Amino acid sequence: MDKQQIKLLLVEDEQAFAWVLADTLSDNGFEVRNAYDGEEALQMLHSELPDVMVADIMMPKMDGFTLVRQLRKEGIRTPVLFLSARTDPEDVVKGFELGASDYIRKPFAIKELIVRIRALLGRLQETQIKIQEEKFHIGNFLFDAMAHKLSIQTGESVQEISLPTRESEILALLCRRMGEVVPTASILQDLWGNDDYFCTRSLNVHITRLRKKLAADGRISIDAFRGMGYRLWVQ
């Protein structure tokens, strides 16, 4: 992505701030489009897919949380970095749970925002290379990491389960090291680029959801080792 401009959709309802931020990002090599509420952003995402979306959480018509929930429901996997003036840790965790990739608190330094965007896209590119055409057998499940799908034979039919991007990334990482304890810090740094409280909480939530989705085969277990990490294995 370094060889061409990064297409960025900026979703911010404070227009004066949005214009200044867009101009600054443009001066730093980004191709920026502006949307001023969640509904407008959703329409723009349907017509053209940016490389990344930077979005405020508190917006009129459709807030950032609702916007990301709708994107993921529609299968749109554009990485999202939230801008947030909120201080409640649960808001940050909720953003990760819905499918956001990163967050930055207002007020912020523009240099930090640019570094975070480039780091986010760099991690995404590395992950996509790793999972290309990867398929894993997990007990009775077949996991297609590229398609973000789990499938299992139930009677005469095949049941398919679509996974959110982050859950798919976590499962692929655990599958590559099946039977090993994968350090929590390693998972967080590889996928989030950060091992702070919010990312740790988000990882715990995703692990819980993966356990529920894999529960159809009782031999499969994702074990947590306190202070160490997680292990995927089949009895």
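About 50 Å³ of space lies in the largest cavity of this predicted model. A cavity here is a set of points on a 1 Å grid, over the protein atoms alone, where a 1.4 Å probe fits but cannot get out. The volume is the space filled by probe spheres set on those points. The structure holds 1 cavity of 30 Å³ or more.

Some ground rules. The model is predicted, so local features need pLDDT of at least 70 and side-chain atom pairs need 80 or more, while totals for chains, interfaces and linings use all residues. Numbering starts from 1 along each chain as its sequence is written, and side-chain values use heavy atoms, without hydrogens or water.

Now the lining: residues with an atom within 4 Å of a cavity point. Which helix or strand gives the most? α4 does, with 4 residues. β4 (80-84), α4 (89-98) and β5 (102-105) each supply at least two. Helices are DSSP runs of H or I, at least four residues; strands are runs of E, at least two. By type, the lining has 6 nonpolar, 2 polar and 2 charged residues. Among them are Phe82, Asp91 and Tyr103.

Next, the sheet. Four strands form an open, antiparallel sheet, ordered β6-β7-β8-β9. Strands pair if DSSP finds at least two bridges between them. β6 (135-138) and β9 (157-162) are the edges, each pairing on one side only. β6 and β7 (residues 141-144) are joined by 4 bridges. Lys135 stands opposite Asp144 in β7.

Finally, helix α6 (residues 165-176) packs on the sheet and touches β6, β7 and β8 (149-154). Contact means heavy atoms within 4.5 Å.

Definitions and conventions
1 Å grid on protein atoms, 1.4 Å probe; cavity = no way out; pocket = protein on both sides within 12 Å on 5 of 7 lines; lining within 4 Å. Nonpolar A, V, L, I, M, F, W, Y, C, P; charged D, E, K, R; others polar. Axes fitted to C-alpha atoms, helices over the stretch in contact; angles between N-to-C directions.
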